[in-house]
Protein chains: 2
Amino acid sequence: MSPVNPDLARERKNATFNPEDLSIILYGKENLELRRKIFKEISEDPNFAKAKMFPTMSRDEVYEEAVRIFGALQRKMKEHGYVKGCFDTYALQHYYYKNAAFIGTYPFSVHTDMYAPTIKGQGTDEQIAEFLPKAETYQHIGTYAQTELGHGTFIRGLETTATYDKNTEEFVIHSPTITSIKYWPGGLGKTSNYAVVMAQLIIDGKNYGLHPFMCQLRDLKTHQPLAGIELGDINRKFGYEVVDNGYLRFFHYRIPRTNMLMRNAKVSKDGEFSRQAIPQVTYLTMSYVRMGIVQEVATLLAQAATIATRYSAVRRQTANSQGIEPQILDYQTQQMKVIPAICTSYAFFFNGFEVRKIYDSVMAAVEKGDVSRLPEMHSLTSGLKAYCSDVSCDLVEICRRSCGGHGYSNASGITRIYQLLVPCCTFEGENTVLYLQCARSLMKFLGKAQKGEELPSSLQFLGHLPDVPPELMSAVKFDMSTLMTAFQLNALRSVLHVASELQTAQKKVNYETAWNNNLQGLVEAAKMYSVYLVAKFFVSALSASQWESRAKAVLTQVCEFYLVNNILDHSGTFLQNDVLNPSQASLLRTRRIELLAELRPNAVALVDAFDYPDRLLNSCLGRYDGNVYEALYEYAKSSSLNQHQVHPSFHKYVKPMRETLKSQL
Amino acid sequence: MSPVNPDLARERKNATFNPEDLSIILYGKENLELRRKIFKEISEDPNFAKAKMFPTMSRDEVYEEAVRIFGALQRKMKEHGYVKGCFDTYALQHYYYKNAAFIGTYPFSVHTDMYAPTIKGQGTDEQIAEFLPKAETYQHIGTYAQTELGHGTFIRGLETTATYDKNTEEFVIHSPTITSIKYWPGGLGKTSNYAVVMAQLIIDGKNYGLHPFMCQLRDLKTHQPLAGIELGDINRKFGYEVVDNGYLRFFHYRIPRTNMLMRNAKVSKDGEFSRQAIPQVTYLTMSYVRMGIVQEVATLLAQAATIATRYSAVRRQTANSQGIEPQILDYQTQQMKVIPAICTSYAFFFNGFEVRKIYDSVMAAVEKGDVSRLPEMHSLTSGLKAYCSDVSCDLVEICRRSCGGHGYSNASGITRIYQLLVPCCTFEGENTVLYLQCARSLMKFLGKAQKGEELPSSLQFLGHLPDVPPELMSAVKFDMSTLMTAFQLNALRSVLHVASELQTAQKKVNYETAWNNNLQGLVEAAKMYSVYLVAKFFVSALSASQWESRAKAVLTQVCEFYLVNNILDHSGTFLQNDVLNPSQASLLRTRRIELLAELRPNAVALVDAFDYPDRLLNSCLGRYDGNVYEALYEYAKSSSLNQHQVHPSFHKYVKPMRETLKSQL
């Protein structure tokens, strides 16, 4: 390949800051070095050389290759002594190794990210001692089987039963209907030999609700499915080809009583049920998972922004009056595609850090027995999971289309990112349902505020008077603080508006009906709250920082763009809420255009600072060296259809068709 | 399979109109019968039975199977005598057969839709006589090779050269750079043996611009690539797996002089160049193709709406206080996902009919030598192609996500629709570029209006005074005509706003710079013009109609929802343009919620009226009988990964990995 594309080289030379300073702000110096070391190690190991060919493989090849690479990775990590306690102590190394070796996810991801953590979180000490070492060494390979063919987000609706049989001291696991078949769990189809199965506990005909049961699925030696079980892969999806999401049907399948995970609830030998933990604590697990999604979508968005921005600097189109085709990054319309993606990535990174800080402090309180901040955590993570995944999907798709025709090729790398990202809108709580959970929580907090109770910091805006601050109404220029006031007021008014609609409705109908007649307004309020949170977290990270001054200067522009752009993206709501007037909206439109021009020269350096190696991006368009056309040519040549100069279908079908039609000549 | 799902049966029983009446409005009685007859014929023919398995096949299998089916289809059509003149006379039959036999597109689609029409449109009579019969009988299988690795929408930038060699009376076709390699043409990789190649014509060192050249690519008997040519498939994409989009590189490849298509321009034996046709007429081909996209995206959107609506009626979730899980279609938030898709499908259908009427009248004028209406056609189709494809993609993705987790499975059928639809945003003119072409045209027409010239009907709004009609400013209830006034005024003000910005800018900088500094505003103006057009066409179709009264009543609600929803979707712009005030926007929000409730009981009947057979939808979720869970279970079982109970990778990789790690136990 040739040296770095001259357009990209010039972009880097002209940046006003050193991307390394920004990378250190994002990752910390130590982690950045660790990450780079691991990527280097993996990329030099021939065992991992084939990973980049995934976009060209068939489903079966992709699955098999992912299994191979995961095995090679475990051997490598064993060399480094990363096996025991692999599910926590060395989490960061694990994370980096997994990212370096392969793209996206593994058939074993549910094993490492959900099966093992569930044992740790919901098993007794004896159960942990029994099951965890076997999981760590992959003697047991597990999945987490909750979702059923007919039941997703509404968990209480699950139908699988675990009926206790006192005589044999066993649970009988059964799928009573077609809709009760477990469907979707990752790694269930072919990879796992164990599963945590969520089922309705029945003792003496009485239902004690959902509990987790350890079920062996396959023989540990032969890997054949056990009797009483039917299971397999659920076939092709929009993406995630690597993962054997599976289905699982039980026919009165028996497991020992001790296979119920009993940290939170117990069933004794003679069938007595007792509960140990307060149910609220299960909130914390959901919050943790949703926080993880909030952080993960930021990285996927940043990868797409990297690809689109670099390609926009390399790609030239449409000759101007001097006969020169400008870099497409010079077009305002192209800037409006990639710069929101860049700025939102940064906003979501800092948002992730702030949510993590809150989570850690809530967690520390819970460990001391104080569960009072769990509702705040729940409201925060439901809203942000929905909002950040929604917005990231929209922006990644804009990035993909901003690459023109080549964005549609898997060579872009963005098709893969989109397909990895978009299920985040559906799993771990469907986004509309989550907005409504968040809204329910907001209504409760509003009630507290109106009674004069003190609110946690992220909800204090509900306690403020709804007057428009005079500096906002008369603003002809917006500084950060005025902008933040606008966000806060907009969130508050959206919440108050729907609260008042609910109150009015309740004069005529019951609360449930009033609620159902206002779902749209409730979703809108939860969205505006989430928009406000991300803005607030970005501004506060910025103001608390002691960063290198040139890096801080550009991040300040990034933050201002994020704020202005978000007000304009929701200008209908801001105007209807009387937070802005039309001439102020017009001022902000002008400011947005100015900021595009201010950010333009730093666009490439801003994405370089995300520090994603080519191996991870796996994109012909987003290469660090910008040699996109040579890469696309190579990508084309490696198509499976090109194995034969003349495809077999020519002789089998085209020739006979032509013979038949020839007589018509 | 079981009988029709009782929820779906009840929905159909409760509808206020007969879907058959609506189907006849959409398709006409005769076409509807033809379509049903052909679908029946194909579905009863075992040759076409496998098509529904496409989502589960590998790339190579998909391609081969598509070739097989196309061959079988040609034989079938030959039985009906549809071979000669197959590219026009029997177009509708062809279209229905193609849709019935297979899903989406074929490796031969560029042959039938672009290669043959180009010969007809740009060949001389002798060239048509030579090449067309061979295309009709598939002795020649052709593609249309325009796009290059480094050059897309800006056609003048293409680099492939056709240099005339007087001595041998040949053109030398050459790819001088990597970026000049032809890239993307459908069917080029493996299927075609001929191509229309767009290249820069060079005679005696002088460039005469782009012209079409007939190039043979492969031996007609052996199908081996000819010397001087390198070609192949461009590898996997986001979708379109069926099509072998290809690359093509020429190494000083020679073709006879008579292989330049010479209807519009000629090169004589001794190298003299002459032009025959006025260049404006090439607008018409582009307009025709873009109109086709406007119509096609409506059908894809309607298919997604059908699937999402039926599934929303079958799917039940989240128990209410009576312990019943309602149909998700009863949730306002779900209605806000599927009802806009339904109403927009109808709007886009009627929009397509109106555009077609205008096209036909412009075409009739052109045939009489009157080219005066070509600019209107150009402005109309550029804006609408961009707008309709953008909106359809957004709504189809909303439909997909409205199906929850199962929307992510290829079993939904919507993943395929999305992947088929989304390239419409990029090909045949990238949407942002098209909005800008439309805006350029709007600025010219505005200039004419300001000089008092008469404008064509779709642009007459530019000639009206920008006063707010008093009935609009004081409206507390909106009838259709007030709503239309709002759309018209909003379009006008958006155009006037950016025109004035351009004028101001030009006091300081030249026109090109002023233009480039206002790209965002120009795109916005073109969008608001397109939104206005669709609304206008829907309202005028409705008011001109003499339809069955119950069908007309529901279409009136559909139209009102479309109008209200679109104002609210663009409420930021409507408010900034001072077309509405915040309290009016609030009224419209209330009205939208009312309309959701009014349309809810007819939702299923409205999608039934689109009359898409299960074979075409190819969706487990959108089945007419609603037996979705049985279908999903069957879909899962047919996964290629389920060929073996124990996947080979277990023995190859998992066992060795476990052996290595066992010692750590």
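In helix H11 of chain A, the residues A:Ile414, A:Thr415, A:Arg416, A:Ile417, A:Tyr418, A:Gln419, A:Leu420 and A:Leu421 are buried. The helix, which spans residues 414-421, is thus described as mostly covered, with 8 of its 8 residues buried. The model discussed here is a predicted one, and the values below are to be read with that in mind.

**Salt bridges**

Side chains of opposite charge can pair when their charged atoms come close. Over all chains, the structure holds 73 salt bridges. One of them joins A:Asp390 to B:Arg401, with a separation of 3.8 Å from N to O. This pair crosses between chains, running from A:Asp390 in helix H10 (residues 374-402) of chain A to B:Arg401 in helix H10 (residues 374-402) of chain B. Both partners are covered: A:Asp390 counts as buried because its relative accessibility is 19%, which falls under the 20% cut-off, and B:Arg401 is likewise buried, with a relative accessible area of 15%.

In chain B, a salt bridge links B:Arg550 and B:Glu548, with 3.2 Å between the closest N and O atoms.

| Salt bridge | N to O distance |
|---|---|
| A:Asp390 and B:Arg401 | 3.8 Å |
| B:Arg550 and B:Glu548 | 3.2 Å |

Beyond such pairs, a network of salt bridges in chain A links A:Glu20, A:Arg35, A:Arg36 and A:Asp611.

**A positive surface patch**

A:Arg440, A:Lys444, A:Lys448 and A:Lys451 form a positive surface patch. Of these residues, A:Lys444 is placed in helix H12 (residues 431-450) of chain A. A:Lys444 is exposed, since its relative accessible area of 58% is over the 50% cut-off.

**Cysteines**

A search of the whole structure finds 0 disulfides over all chains. B:Cys393 is accordingly in no disulfide, and the nearest cysteine sulfur, that of B:Cys425, is 3.6 Å away, whereas a disulfide would require the two sulfur atoms to be within 2.5 Å. B:Cys393 is buried, with a relative accessible area of 1%.

For B:Cys620, the closest cysteine sulfur is that of B:Cys403, and because the two sulfurs are 11 Å apart, they are too far for a bond. B:Cys620 is also buried, with a relative accessible area of 11%.

**A loop residue and its distant partner in sequence**

A:Pro601 is placed in the loop between helix H19 (582-599) and helix H20 (603-608) of chain A. At 34% relative accessibility, A:Pro601 counts as partly exposed, because this value lies between the 20% and 50% cut-offs. Although A:Pro601 and A:Lys13 are 588 residues apart along the chain, their C-alpha atoms are separated by 10.0 Å.

Terms used. Residues numbered from 1 in each chain as written. Chains lettered and ligands numbered in written order. Predicted model: local features only at pLDDT ≥ 70, side-chain atom pairs only at ≥ 80, totals over all residues. Heavy atoms only, no water. Patch = residues over 30% accessible without salt bridge, like charges linked within 9 Å, V, L, I, M, F, W, Y side chains within 5 Å. Areas by Shrake-Rupley, 256 points an atom, 1.4 Å probe, with all protein chains shown as cover. Salt bridge = Lys/Arg side-chain N within 4 Å of Asp/Glu carboxyl O. Lys, Arg positive; Asp, Glu negative; His and termini not counted. Charge placed at Lys NZ, Arg CZ, Asp CG, Glu CD. Helix = DSSP H or I, 4+ residues; strand = E, 2+ residues; numbered from the N terminus. Buried < 20%, exposed > 50% of the residue type's maximum accessible area, 1.4 Å probe, protein only.
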